[in-house]
Amino acid sequence: MLRTWWGRVAALAVAAWPATVMAHRQWMLPSATVLSRADTWVTVDAAVSNELFYFDHVPLRLSGLVITAPDGSTIQPENVSVGRFRSTFDVHLRQPGTYRIASVNETVFATWMEDGEQKSWRGPATAFAKEVPAGAPGLRTARLVSRVETFVTAGKPDHKALEPCGSGLELVAITHPNDLIAGEEATLQLLLNGKPAANLEVTFVPGGIRYRDSLMDWRVTTDADGRFRVVFPHPGMYWMNATVGGPQRGSGAPESRPPRAASNADPPAAAGGGRMFFPGGDRASYTAVLEVMPE
Amino acid sequence: MKTAFECTLALLAGPALAARLEISIELPRMAIAEYHRPYVAIWIEKPDQTVAANLAVWHQLQDNSRGEKGTTWLKDLRMWWRKIGRELTMPVDGVSAATRPAGLHRVRFSGARPPLSRLSPGSYQLVVEAAREMGGREVVRVPFDWPASESQLQKAQGRHELGLVQVQVKP
């Protein structure tokens, strides 16, 4: 039995998360990322899969879908459908400029004592206050923010829809995500809760896995400002991912972790060979699908 | 204050005013079942590959029978789109023109009128990009000096979407 708080939360987290983050890859793939003009459409496939970008596992749930238009407003998807292997939806690009298509999910894990027994709960952050008694004795929580994104531009790329909101891991596009060219160096930045995510490993995997023997993935590490530079070797669709907190690549099982106190103290930027720990075992994950064009 | 001498020099430097750029572009004939005329963009770049002049874009000007706007496929001229097109509202007077059939096409630009009248003397590249629906895309570059004291001919051979591209600078 997992008797520690961390062990229980970790077990809950593992139960909730592995299908999406640890063993499979989440993604949203637009039919086009560069369009000549406004009043056009894109359609988007959204899935959780092993291979990129094929539908071989489960659809990505769209409950956290947030589409931000170039003027910063939120627009609704159309023709939404959830299939056996993938979800699809259309986006009507009425305005010229850049759209951010994001699936953002904030999940809370909580444990507390009630009548001498340890209770636990997990659910969306919005339901937390309703379902977990406020001020419960021994209440401990961990928050998990998962963000899966892709970007589409009608006409000239702009930045308003890309503004970070300060929650979880987010991309700051110093090089515009719809202006990536094979062989050209791009500079990107990751923020964690609005602050530079320093010393964070970022993984890239090119699409088309099914028709090659090697994954062809590579990793880069963010600098003190959360920035990193990347050169995409070929045109195509790329999957990008970074995760903080929780089990890291090559690390031990979650229960081997030291229990964490649920304090609000600033986390150490990095500990134990680049692993990052956060108060209460918070986690954040960022995933993007980026299209790289030929010159 | 410019002296009369400098003004005379400026006038003499004016061969650019009278110079001409004559471009010939071959669009190859293709023995294929479904042929669509290519979109073609023609522009001038400085040696650092920044844009010096946007000369012409041949694209579908009318909506097609399905009501699709001809501007929809401008982004398929990928290099032109990134460097020039996405900044513009198309069509552009004096730049936009209808697509052309396979064959040899000649276009001329006078040094007396914009954009060439604004081109400072130096080395440039003429860039021609062609993109064809259901077909491929190709970019051909031809270096030239502007202006020229005597007629100057440069050429480059395309391989699939473009044939021979010739650039003649006339004094």
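## Buried pair in chain A

In this predicted model, Glu149(A) and Arg100(A) are both buried. Their side chains form a salt bridge, with the closest N and O atoms 3.7 Å apart. The pair connects distant parts of chain A: Glu149(A) belongs to strand β11 (residues 140-154), Arg100(A) to strand β9 (residues 97-114), and 49 residues separate them.

## Salt bridges in chain B

Over all chains, the structure holds 23 salt bridges. One of chain B's pairs is Arg132(B) with Glu161(B), at 2.8 Å from N to O. Because its relative accessible area is 11%, under the 20% limit, Arg132(B) counts as buried. Glu161(B), at 5%, is buried as well.

Asp76(B) and Lys75(B) also form a salt bridge, with 3.0 Å between the closest N and O atoms. Here Asp76(B) is partly exposed, at 28% relative accessible area, and Lys75(B) is partly exposed at 23%.

## Network in chain A

Salt bridges with shared partners join Arg100(A), Arg147(A), Glu149(A) and Glu170(A) into one network.

## Confidence

The model has an ipTM of 0.81 and a pTM of 0.83. For chain B the average pLDDT is 90, and 90% of the residues score at least 70. Residues 5-12 of chain B have pLDDT below 50, and this stretch has two contacts in the model beyond near neighbours in sequence.

Technical notes
Residues are numbered from 1 along each chain as its sequence is written. Chains are lettered from A and ligands numbered from 1 in the order in which they are written. This is a predicted model: local features need pLDDT of at least 70, side-chain atom pairs count only at pLDDT 80 or more; totals for chains, interfaces and linings use all residues. Side-chain values use heavy atoms; hydrogens and water are left out. pLDDT is the predictor's confidence in each residue, from 0 to 100. Contact means heavy atoms within 4.5 Å. A salt bridge is a side-chain nitrogen of Lys or Arg within 4 Å of a carboxyl oxygen of Asp or Glu. Helices (H or I, at least four residues) and strands (E, at least two) are DSSP runs, numbered from the N terminus. Buried means under 20% relative accessible area, exposed over 50%, partly exposed in between (1.4 Å probe, protein chains only).
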